[in-house]
Amino acid sequence: MLGPMAARDARPSLYISVDIEADGPIPGPYSMISFGASVAGRQDGASYTAADPEQLTFYRELRPISEEFVPEALAVSGLDRDRLVREGADPTVAMAEFRAWVREVSAGAQPVMCGYPASFDWTFLYWYLIRFGGDSPFGHSGCMDMKTLYATKARVPLRAAVKGRMPRELLSRRRHTHHALDDAIEQAELMSNLMLWTPPAPAPAADRSPRVTHLSWGRIEAEGLAPGKDMRLYPGGGRPWDWSEHGTRHDPGIAPQEVRELLDLGVTAVVLGQGMESRLGVAPGTLEVIRAAGVEVHVAPTPEAVEIYNRLALEERVGGLFHSTC
């Protein structure tokens with residue numbers, strides 16, 4: 001006979017994507033001014049079934065609860081705060097309607113709020129549910145962070161779990177508009193794609209970025225590679241860095257084409273070592289190329305750059321360019 005806990009564990013989960021817009025960083029002093037919700041899908045054991053994210057939705061615009069607001073935060077949503085003061089829904093009524101909607105769409109399942117990132121949206125949503133009605137249909141911890149879900153499945157650090165670094169097949173084709181319902185629907189698609197995604201197998205050791213084992217003036221050594229004066233390192237290996245290949249000089253510095261090679265190899269971070277005395281510049285446009293690809297970049301004197309690179313090489317696919325003299 002199954003005990004109470006076993007019966008509870010067998011209950012399916014219904015994932016509800018929630019996005020909120022606020023006029024400040026925390027609830028109480030500041031207000032949640034709108035929120036949207038979309039049913040993403042249902043998990044029953046190891047099986048996940050995606051829903052049509054436009055079919056079961058909820059949206060409300062709320063009357064602010066205080067006079068305080070941050071203009072920059074308010075501007076994100078584009079909502080007229082004066083209009084919300086006059087016409088926004090009473091929070092007590094809106095949260096009661098939301099509770100009823102959640103319980104209706106999740107009948108027979110455990111509702112789980114999911115967000116990207118969940119930390120901000122859950123903070124406001126849970127506070128409002130408790131402050132205006134004293135009850136949460138999600139309980140006190142029924143939330144799923146999509147960034148954490150991706151980081152766990154992709155085996156990358158949480159700071160690398162950003163949309164710009166995710167495989168394209170995971171992303172929704174919908175625009176992120178900062179309208180709470182639009183964004184909840186977009187992120188419901190992301191949630192389903194993540195739940196159904198089978199990530200590629202871990203890269204073999206041969207495809208990992210080689211760590212730098214020695215640095216001195218005019219000499220760099222890295223795992224599995226011959227020593228060199230200047231080195232280009234990337235997942236799976238490296239080679240001597242010949243500045244003349246792409247026109248790099250001390251001034252204006254590292255050329256954009258140098259980093260395009262690394263980006264083409266699928267790196268998640270780029271480290272640029274400017275020399276022992278930081279005399280190697282970075283050409284205009286080089287950093288823009290990296291950032292446009294959604295890739296993290298570090299620029300530092302070579303001793304510091306090597307430390308950063310070696311730390312990242314333990315966790316992710318990092319590429320680096322290192323100059324070992326001036």
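Reply: Glu277 is partly exposed, at 42% relative accessibility; the term covers values between buried, under 20% relative accessible area, and exposed, over 50% (1.4 Å probe, protein chains only). Glu277 and Arg279 form a salt bridge, with the closest N and O atoms 3.0 Å apart. A salt bridge here is a side-chain nitrogen of Lys or Arg within 4 Å of a carboxyl oxygen of Asp or Glu. By this rule there are 15 salt bridges.

The model is predicted: local features need pLDDT of at least 70, side-chain atom pairs count only at pLDDT 80 or more, and totals for chains, interfaces and linings use all residues. Residues are numbered from 1 along each chain as its sequence is written, and side-chain values use heavy atoms, leaving out hydrogens and water.

Another salt bridge joins Glu189 and Arg174, at 3.0 Å from N to O. This pair links distant parts of the chain, 15 residues apart: Glu189 lies in helix 7 (residues 180-196), and Arg174 in the loop between helix 6 (146-154) and helix 7. Helices (H or I, at least four residues) and strands (E, at least two) are DSSP runs, numbered from the N terminus. Glu189 is partly exposed at 22%, and Arg174 is also partly exposed, at 31%.

Arg239 forms a salt bridge with Glu261, their closest N and O atoms being 2.8 Å apart. Arg239 is in strand 10 (residues 237-240) and Glu261 in helix 8 (residues 256-264), 22 residues apart. Arg239 and Glu261 also belong to a network of salt bridges with Arg232, Glu245 and Glu258.
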